[in-house]
Amino acid sequence: MTVPVAGPVAATGGVVSHVFGDDRVVEERAARLARLIEAQFLAECGWDRAGQILAPPADHPQLGWCEPAGRVAARVARCAVPGCQRCAGADGLCRSHRRGQLRRGVSVEEFATDPARRALVRPGICQVAACPRDRHGSLVAYCEPHQNRWLRECKTMSGLDEARWRLITSPIPVTGQVSLAGMPPLIVIQVLYGLRQRSSTGGHARLDVLRVLVEDLRRAQAGDLQAAFEDPPGGMGREKRRLLGALAWHIRLAVTDPEVEKAKDVWELAVFGLRGQLSFTGISQPWLRETVKRLQG
């Protein structure tokens, strides 16, 4: 896969439908990066534009994953009744159809294939920004796990701001998936672009580490990966910080060029096709530092 050559950020915003699946117009930095992410890469990573969920196949060469030993991961699936839009439980039916199947005393397959069965529309999506699940009912704002979490945390935390809680609360973890829903568009695009660049050079990113990194960024309401790396959320461990640094590094390279880099006191030599960094911060006299930089450039 050819790595796009990054140049200065364009001075216009743009439509990024291959990332968001609609006609959303984002700020110029986000649009610039989005144009460097191929639709093919997103398809290979199992990117769900509508749900904003990254779900690469288990055998993906850079983002592959495996099921935890001794545990079968829960996955969001649709009801087995044709056309039914509601989420299924472990038996393959939504709650309403499951009740009907038990009343009739027939198998799930027999119940689901009965032409008399009526498909049901979704009761609405859970109001937690990162959650793709259905609400527990039409009169409830959240899916069942988030409804239980909200009630539990209301009892233990006084003055809980529900609007903020909806923004920062984590989705229900699903093995092999990372939800970027509810994140600022710039962060979403930066994460996808950073993964694209890292993958193009053969670098790996553990999906479980990426998931908890995204949750740290969500709780901190981060708006930019580079700023988050310079001032990371509290309690960030070494693996998460290493991955954040790698993604932020690719973002930095994308928004610079040799002339922009030469104005800095620390050069990323990758901009010039080399490895490492070149620092001029050890030269205390400004005039001499600028002279040396001109000679090096």
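Let me begin with one cut-off: a residue is buried under 20% relative accessible area, exposed over 50%, and partly exposed in between. With that in hand, take Ala-227: its relative accessible area is 41%, so Ala-227 counts as partly exposed. It belongs to helix α10. We'll come back to that alanine in a few minutes.

Hello everyone, and thanks for coming. The mean pLDDT of the protein chain is 83, and 84% of its residues reach 70 or more. The stretch to watch is residues 1–13, where pLDDT stays under 50. The model does have 39 contacts beyond four places in sequence for that stretch. Still, where pLDDT is low, the predicted coordinates should not be read in detail.

Now the overall picture. The protein chain has 13 helices and seven strands. Of its 297 residues, 40% count as buried.

Let's look at a sheet. Three strands form an open sheet in the order β3-β4-β5, and their pairing is antiparallel. At the edges are β3, residues 47–48, and β5, residues 178–179, each of which pairs on one side only. Between β3 and β4, which is residues 53–54, there are two bridges. Asp-48 is the residue that stands opposite Ile-53 of β4.

The loop between β3 and β4 holds Gln-52. Its phi is near 60°, a positive value in a residue other than glycine. Is Gln-52 buried or exposed? Its relative accessibility is 9%, so Gln-52 counts as buried.

On to the helix I'd like you to remember, α9. It runs over residues 207–219. From first C-alpha to last, its 13 residues reach 18 Å, close to the 18 Å expected at 1.5 Å a residue. How many of those 13 residues are buried? Ten are, and α9 is mostly covered. What covers them?

Not counting residues up to four places away in sequence, Leu-210 touches Leu-54, Val-178, Val-191, Leu-195 and Leu-243. It is also one of the residues with the most contacts inside the largest nonpolar core, together with Val-19, Ile-189, Leu-192 and Leu-195. That core has 44 residues. The elements that give it two or more residues are α1, α2, α3, α8, α9, α10 and α11. Which of them gives the largest share? That is α8, with eight residues. Another core lies apart from this one; it has eight residues, including Leu-93, Cys-94, Phe-111 and Ala-112. As general background, nonpolar side chains tend to be buried together in soluble globular proteins.

What comes after α9? Gln-221 follows the helix, and its phi is positive, near 55°. Gln-221 is not a glycine either, and it sits in the loop between α9 and α10. At 37% relative accessibility, Gln-221 counts as partly exposed.

That loop also holds Asp-224. Asp-224 has a relative accessible area of 12%, so it is buried. Who are its partners? The side chains of Asp-224 and Arg-29 are joined by a polar contact of 3.1 Å. A polar atom of the Asp-224 side chain also lies 3.0 Å from the backbone nitrogen of Gln-226. Leaving aside neighbours within four places in sequence, Asp-224 is in contact with Leu-186, Ile-187 and Gln-190 as well as Arg-29.

Last stop, α11, and back to our alanine. The 17 residues of α11 should span 24 Å at 1.5 Å a residue, and the end C-alpha atoms are 24 Å apart, so the two agree. Among the buried residues of α11 are Leu-243, Leu-247, Ala-248 and Ile-251. Ala-248 is 21 residues from Ala-227 in sequence, and their C-alpha atoms are 8.6 Å apart in space.

Definitions and conventions: Residues numbered from 1 in each chain as written. Predicted model: local features only at pLDDT ≥ 70, side-chain atom pairs only at ≥ 80, totals over all residues. Heavy atoms only, no water. Pairing = 2+ DSSP bridges. Helix = DSSP H or I, 4+ residues; strand = E, 2+ residues; numbered from the N terminus. Buried < 20%, exposed > 50% of the residue type's maximum accessible area, 1.4 Å probe, protein only. Polar contact = N/O pair within 3.5 Å; in protein donor to acceptor, adjacent residues only side chain to side chain. Contact = heavy atoms within 4.5 Å. Expected span 1.5 Å × (residues − 1). Core = buried A, V, L, I, M, F, W, Y, C linked by side-chain atoms within 4.5 Å. pLDDT = per-residue confidence, 0-100.
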